[in-house]
Every structure is written in structure tokens, then in C-alpha cells.
Amino acid sequence: MRDRLRSRDLAFLATDSPATPMHNATLEIFEPGPRGFEYSHVLELIAERISYVPRYRQRLQAVPGRLANPVWVDDEEFDLSYHVRRSALPRPGNEDQLRELTARIVSRSLDRTRPLWEVYVIEGLAEGRVAILAKSHQILVDGVETVDLGQVMLDVNPDQEPLGLDEWRPARAPTPASLIASAVRESLERPSTLVSTARGNVGALLRTADAARTRATHVAGALANRRPAPDTPVTGSLSQQRRVVTIATDLADYRQVRRVHGTSVNDVVLATVTGALRAWLMTRDEALHGIKRLKAVVPMSVIDDELEATSMGTQVTGHEVYLPVGEPSAVVRLLQVSYGFHNHRETGRAVAAQRLAGIAGFAPTTFHALGSRVAAAELRRGFHLSVTNVPGPQFPLYAAGARMLESYPVHPLQPGHALAIGVTSYDGKVFYGLTVDRDLVPDADVLGQCVVEALEELKDSASDSRPRAPRGRRRTGSPTRRDRKEGSRPAGTPPASPREEST
């Protein structure tokens, strides 16, 4: 039986379009080691490690007549230098130039006739630093058969010995006749395969028809000199271009807020996002009384035997939480967000951050890919934006002797969604990657600055010099007048907990 594309992955493939390229990306910045860090080093490193992810040397082969879903086959003309590319900024390159180049690269779709991934080695950054931008299609990294290439490229030891090249030889590509015969045989042996194929084909045709209707609507609007008005500032009809904003913050600040307010680091991250969205909306003169909260889907790592097993040891499921952007108090926003995760914590399925951070390799790249798959699956339930927060190791990692300084996730935008947020903690830092539609969110840099200010607001609420009212309810009797005057924990919020949970 051939390695066939699953129906849900076929749906992801059908969603892929110039306006919604379905690939995940990661932007990482490195400090060269004693022997430097050049394109040739990265090419050699990937040549060594690609054997751990065999699918990165495979392409999709369609079955004649759509009798079955496409199959994964070895690319007989696989050319590593095509996938690993060299680029540069005018020296000394700054962060704005790097973000602009990143946005242009992630705006372009991948070539479906080849393995669905690319890596860019970007030289010319200030202080001799080098950036690596890796992007992989959503169907390539499923956490079951394949993890992200970025997970196997990094080492704990800067002096890691070369592993040597493997002796890979591509298997001969199947003929059309063999593909048809295999499809017929599978349909006879497993009738469910025929049903799955039919369902996948119908779904793909419906998505194609829907995309055609959307394009026709856009053309008609353009002829009439009209543009569709989005339902909210973070939803609307997408263009084919993106902007990328990156923000680096200190993990110690989140831990301080967590300790003082009895929440989790994940709660503080979501409260920071909420405060940033609120401030950004206010800069746009949005009527916050009409947008009191935004619905976010937050992929969470769980242990659940009813979900598909992954090679990561955990499963990922979507959790819906409302971000109270209409609430003016940073502390109340934090407690409301924390309460939104109360039921998830009580299920006993939540996975501790320490466990995720301890997975071999740099697991955040794979978990971000799984998070975007969850967001795509949750589209039918409706949400405004996705926020994926993944804890990474709190010690330095290296690629070919170069130390990784920063790691920013760059998530794909789902159809109709102008904003996606990825967050990765690594080596004492918390890195935000904001992906936005270039036309719908032209002021993306303002939103990035609002993230910094929202964290500062939470830090101020947790400073040792700031007086705080006693939290919690009195066990007996009614609140005193002083209690009512100074304030207490909002009714319905969960008890304080120092647990540090993860996405």
C-alpha cells in the first residue's frame, strides 16, 4: 500500500492559493562560531540531517482520474541546492530589512512539483549575524510521519561532530498504470478508502468553486471601485502579500507576573496579546464598545487517547478563549483570560511546559506547524485570530557551531483571517511572530509596539513597589467595607495557582 495523502491533508492542499499559501515558517538568527557560519555550512548540515525527515525528499504524485488521493513518492530529481537558497541584505542589514525580506518570501507559494519546503540563508545582518528562514507546507509536517526539519538541525553542543552523508537513492517513480492498479486494489480491500477519496474530491471541488466565486466578487468590487469591508479589523478578504513583525521580550517578566497574580506564563502571554490588541484598536479609533472581545483559537498540547497519536508524545487540540479587549484593567484582563483556561486545566489532560521543552531537538518548530493545522481545522467553528504559544528549551542551541540567538514563528493566514500570532520561549526570552495581511493591517508595526507596552503594563501591576489589594474571597461572613473599597478577585475566577502551563 502506497503512502497516500490523507483526506484532511487534501483539504489543506485545496485551501492553498496565492492569497492563502499554506506553509509555516520560522525565522532564526544566529551568531557565527569560531569557524564562521556560511551558506555552505547550512547546506552541509541539512544534507546530514535530512535523512531524519525522509518526506523532505518526496513530492506529491497525482493518481489519474482522481481514483484515489495523491501519493508521496521520492523525487528522482531531488536537488538540495534548489531548496536551500542563499540571500543577503545590504550590509549592515537591520531588523526592518530582514522582516521585509521575510514577508516577501512567505508571501510566495511553494512549487507543488517538488518537495514542499525551502530554506533561505540570509547573510549581511549587522554584527556578522546570519538568519535562516525555513518554510514547510502544512501537509508536510503532521507530527505523525514527519517532524519539522528545524527540529533536527539544532544541537546542544556547539562542537557536534559531523554525522556524514547518507547513501540515499530515490525509489523509481510509479507509472500511471501502477497508480491506478494500486488505487483500485485499495478500494476493493478497504471500501472506506473509496468513501474517503470521494469525500476529499468533493471537498476540493467545493473549495475551488468557492474560491472562484470569491475572485469574481473581488473583480466586480474592483470594477465598481469598492473594497469589501471586514467584519473586524482582523478579518476580511486577503491579498497576496504579507507583513511580518517580530518582538523579543524577557521570560523573567512573564514569570514575575505569573508569581504575583497566581496565573500561568501562558495566561500572561495571552493577556499581553489582549492588551496589545486593545491598544492597537484604540490607535485606529475603533469603537471598543462594539468590539468587547475577540475570539481566539489557542492550540493546546494534551494527553488524549482519543486523538491521533504523534511522534511528539502529546496531541494538540484547539481551545477557544475570548480575549477581553474591551476591559481597561490589565489585571482584570489577565484574570479573565486565566479563567478562560480553567476548564482546560481541570480536565487533567494539560501538558506541563517543562515536558514540551524537554522534547529532543528544537520541538517548537513542529508544534507551531501542528498549531496551524489545528487552526485550519477550527475554521468551521469561527474565530477571529489564532495564537500559538510553545515553550522551548531554556539553554542555547547551535547549528554547525553557530549559536541561535532568536527564533520567531511565522504562521500562515487562514482564509478570511488577517492576523496570526506565534510565540516561542527560548533561552530566557519570549519571541513573538505576527503575520498579517499587508493590505488589511498596514499598521502592523504599531501592533508590535503595543505588545511591548502591554507587557510593560502587566509588569507594572506586578512590581514590588505597587500596592495591591488582597485577592480571594472571605471564607465566612460578608466582605468588609474595606474589602469592597480595595477590590477583590472577580467572581468566578479560578483559585490562584503557580502552575506554568503550555500550548
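Glu 406 sits in strand β12, which spans residues 402-410. The model is predicted. With a relative accessible area of 14%, Glu 406 falls under the 20% limit and therefore counts as buried. Its side chain makes a polar contact with the side chain of Tyr 408, at 2.5 Å. Leaving aside residues up to four places away in sequence, Glu 406 touches Leu 27, Glu 28, Ile 29, Arg 129 and Phe 431. Lys 429 is 23 residues away from Glu 406 in sequence. The C-alpha atoms of Glu 406 and Lys 429 are 8.2 Å apart.

Strand β1 comprises residues 23-31. Leu 27, Glu 28 and Ile 29, named above as contacts of Glu 406, fall within this range. β1 is joined to β6 by eight bridges, and the two strands run antiparallel. In this pairing, Phe 30 stands opposite Val 130 of β6.

Strand β6 covers residues 130-137. Seven of its eight residues are buried, and the strand is mostly covered. β6 also pairs with β5, residues 117-125. That pairing is antiparallel too and has six bridges. Within it, Glu 118 has Lys 135 of β6 as its bridge partner. β5 and β6 form a hairpin, with four residues between the two strands. Glu 127 lies in the turn and has a positive phi of about 65 degrees.

A nonpolar patch on the surface is formed by Leu 67, Ile 180 and Val 184. Together, these residues have about 210 Å² of accessible area. Leu 67 lies in the loop between β2 (58-61) and β3 (71-74). Its relative accessibility is 37%, between the limits of 20% and 50%, so Leu 67 counts as partly exposed.

The chain has 503 residues, of which 54% count as buried. Among contacts in the chain with a separation of 6 or more, 79% are between residues 24 or more positions apart. The chain exposes about 23,000 Å².

Technical notes: Residues are numbered from 1 along each chain as its sequence is written. This is a predicted model: local features need pLDDT of at least 70, side-chain atom pairs count only at pLDDT 80 or more; totals for chains, interfaces and linings use all residues. Side-chain values use heavy atoms; hydrogens and water are left out. Buried means under 20% relative accessible area, exposed over 50%, partly exposed in between (1.4 Å probe, protein chains only). Two strands pair if DSSP finds at least two bridges between them. Contact means heavy atoms within 4.5 Å. Accessible areas come from the Shrake-Rupley method with a 1.4 Å probe; for residues, only the protein chains shown count as cover. A polar contact is a pair of N or O atoms within 3.5 Å; within protein, one must be able to donate a hydrogen and the other to accept it, and residues adjacent in sequence count only if both atoms are side-chain atoms. Patches are made of residues with over 30% relative accessible area and no salt bridge: like charges are joined within 9 Å, nonpolar side chains (Val, Leu, Ile, Met, Phe, Trp, Tyr) within 5 Å. A salt bridge is a side-chain nitrogen of Lys or Arg within 4 Å of a carboxyl oxygen of Asp or Glu.
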